[in-house]
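The sequence and the model are shown first.

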Amino acid sequence: MRLGLAAVFAALMMVLSGMAMADEGPKAAPTTHVTERTLAPIASPQAGFDAWKATKAYLSQVKGEARAKSDSYFEGGYVLILVDAVYAIIVSAILLWLGISARIRDFAQRQTKSRFWQVPIYVIAYTILTIAMTFPLTVYEDFFREHAYGLSNQNFMQWFGDFGKGFGINIIVVTIFATVLYSVIRRAPRTWWIWGTVVTIAFMLIGSAIYPVFIAPVFNQYQPLHEGALKDRILSIARSEGIPATNVYEFDASRQTKRVSANVSGMFGTTRISMNDNLLNRCTPDEIVAVLGHEMGHYVLDHVWLLTSWFGILFFVGFAFVHWGFGILVRRYGKRWGVTTIDDPAGLPVLMALFTIFFLVATPVRNTITRTAEAQADIFGVNAVRQPDGFAKATLMLAEYRKLEPTPLEEFVFYDHPSGRSRIYMMMRWKAEHLNDWDIKNGPKSPQ
């Protein structure tokens with residue numbers, strides 16, 4: 001009873017208190033006086049530093065014969081894109097119009113009744129024949145032209161040895177891929193171009209995983225970078241960015257070329273950080289770290305998956321074009337070629353010619369996809385390692401085989417990386433916004 005009376009009394013007091021507050025009415029909220037002051041302007045970090053002027057000063061370091069040779073080499077590549085495409089189409093035309101492709105198909109059919117095994121027999125013969133037919137152009141582009149511009153370190157037999165290794169790998173990869181693709185075509189002749197895209201994406205991902213472990217060591221010897229401050233610095237950056245690499249590798253690219261290069265490659269547990277010995281021997285530690293910061297950007301930004309997605313879309317459109325074009329060409333010329341249906345391996349030259357045409361027209365699209373990813377990696381790298389001048393100096397080394405200052409149209413159509421001008425300006429623009437940072441203020445001075 002006492003507890004009940006206490007509860008009633010408490011409730012009564014709350015009601016009376018509420019009535020009293022209602023009688024008093026609302027009270028004004030307390031106010032606070034705000035004092036307005038004008039702050040002193042913050043000094044601009046760009047004071048005394050002109051990013052564009054620094055960029056031009058860097059670019060001016062490559063001049064005369066070196067600049068002319070660089071421009072000539074890269075501009076010659078514009079012509080070779082067209083030459084390679086026309087050459088490939090001519091090879092396909094020869095195989096079709098002379099009935100060579102049909103005879104190879106007939107040979108495969110005589111060896112086995114299995115349509116599955118007829119494809120690899122055909123593809124092996126086709127690959128050997130087409131590589132042989134394109135060999136003169138390959139020798140010119142990869143050997144004589146590289147020597148003419150002072151980019152190759154190999155004699156002919158050394159080059160031919162690497163060519164032979166690539167030849168063997170090509171036969172294996174192309175045969176497996178084509179066999180799987182034709183299996184898809186036989187099962188889905190109307191929608192094969194959709195499933196063909198899926199197969200292509202799967203092969204791209206598998207290739208990204210196995211290349212650093214099984215393919216790259218075929219051409220070069222990989223060994224762990226010697227212990228020291230540089231290796232510790234690289235691995236520290238990798239750990240800070242979540243890259244699952246426990247070692248840094250050096251490979252002997254100098255036996256083949258004078259180009260500097262590095263990469264962070266692999267996936268599904270095969271990730272490795274690698275640099276060639278040209279980069280190690282020709283660059284300072286800051287320049288090496290700047291380049292590797294860029295390469296780490298590709299990994300952290302998931303560019304393998306991103307580029308696979310974008311190129312998957314491009315292949316989807318390409319396969320659709322090939323499916324459409326094959327029907328038109330075979331209806332008109334199929335009897336003369338000995339090709340009647342798309343699941344006939346003798347029609348492979350038709351597929352290859354159509355793909356060649358598609359990717360020639362799509363050159364600006366392909367280059368824009370990769371150039372965008374490279375620009376993203378540039379920005380990631382400079383934010384990760386904070387070496388804008390190191391990256392600018394390394395970029396100048398690429399001028400040995402890349403034109404530094406193209407027109408905007410040239411860069412859009414032909415560049416799969418940002419031009420040297422674009423990359424260096426990107427670095428100097430970043431530096432202009434970080435001039436007050438301690439490490440940048442006390443770091444290397446850019447030319448002005």
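## Helices H11 and H13

Helix H11 (residues 303–337) packs against helix H13 (residues 363–385) at an angle of about 165°, and their axes are 11 Å apart. With the limit for this class set at over 145 degrees, H11 is therefore roughly antiparallel to H13. The crossing of H11 and H13 is right-handed. These values come from a predicted model.

On the H11 side, the contact is formed by His303, Leu306, Leu307, Trp310, Phe311 and Leu314. Their counterparts in H13 are Val365, Arg366, Ile369, Thr370, Ala373, Gln376 and Ala377. Sorted by class, the contact of H11 with H13 holds 9 nonpolar, 3 polar and 1 charged residues.

## Helices H6 and H7

Helix H6 (residues 156–187) and helix H7 (residues 192–219) cross at roughly 155°, with axes that come within 11 Å. H6 and H7 are therefore roughly antiparallel to each other, and their crossing is right-handed.

H6 contributes Asp162, Lys165, Gly166, Ile169, Ile176, Phe177, Val180, Leu181, Val184 and Ile185 to the contact. From H7 come Trp192, Trp195, Gly196, Val199, Thr200, Phe203, Ile215, Val218 and Phe219. The class count for the contact of H6 with H7 is 14 nonpolar, 3 polar and 2 charged residues.

## Helices H10 and H14

Two packed helices are described by the angle between their axes and by the distance between those axes. For helix H10 (residues 285–300) and helix H14 (residues 388–397), the angle is about 85° and the axes are 8 Å apart. Roughly perpendicular covers 65 to 115 degrees, and H10 and H14 are therefore placed in that class.

In this contact, Asp286, Glu287, Ala290, Val291 and His294 of H10 meet Gly390, Phe391, Lys393, Ala394 and Met397 of H14. By class, the contact of H10 with H14 consists of 5 nonpolar, 2 polar and 3 charged residues.

## The sheet

An open sheet is formed by 4 strands in the order S1-S2-S4-S3, with mixed pairing. Strand S1 (222–224) and strand S3 (262–265) are at the edges; each has a single partner strand, so one side of each has no neighbour in the sheet. On average, and with direction ignored, neighbouring strands of this sheet are turned by 30° against each other.

Strands of a sheet pair through backbone hydrogen bonds, in either a parallel or an antiparallel arrangement. The pairing of S3 with strand S4 (residues 272–276) is antiparallel and runs over 4 bridges. Val264 has Ile273 in S4 as its bridge partner, and Ala262 is bridged to Met275 in S4. S3 and S4 form a hairpin with 6 residues between them. In the turn, Gly266 has a positive phi of about 95°.

## Positive phi in two loops

Most residues other than glycine have a negative phi. Asp302 is not a glycine, yet its phi is positive, at about 55°. Asp302 belongs to the loop between H10 and H11. With a relative accessible area of 44%, Asp302 is partly exposed.

Arg386, also a residue other than glycine, has a positive phi near 60°. The loop between H13 and H14 holds Arg386. Its relative accessible area is 25%, and Arg386 is partly exposed.

Val62 lies in the loop between helix H2 (51–59) and helix H3 (64–97). Is Val62 buried or exposed? Buried means under 20% relative accessible area; Val62 has a relative accessibility of 13% and therefore counts as buried.

Which residues does Val62 touch, leaving out those up to four places away in sequence? They are Arg67, Leu396, Ala399 and Leu404. Between Val62 and Ala399 the separation is 337 residues in sequence and 7.7 Å in space, C-alpha to C-alpha.

Note on methods
Residues are numbered from 1 along each chain as its sequence is written. This is a predicted model: local features need pLDDT of at least 70, side-chain atom pairs count only at pLDDT 80 or more; totals for chains, interfaces and linings use all residues. Side-chain values use heavy atoms; hydrogens and water are left out. Two strands pair if DSSP finds at least two bridges between them. Axes are lines fitted to C-alpha atoms, for helices over the stretch in contact, and angles run from 0 to 180 degrees between N-to-C directions. Angles under 35 degrees count as roughly parallel, over 145 as roughly antiparallel, 65 to 115 as roughly perpendicular and the rest as oblique. A crossing is left-handed if the near helix is turned anticlockwise from the far one by less than a right angle, and right-handed if clockwise. Contact means heavy atoms within 4.5 Å. Ala, Val, Leu, Ile, Met, Phe, Trp, Tyr, Cys and Pro count as nonpolar, Asp, Glu, Lys and Arg as charged, and the others, Gly among them, as polar. Buried means under 20% relative accessible area, exposed over 50%, partly exposed in between (1.4 Å probe, protein chains only).
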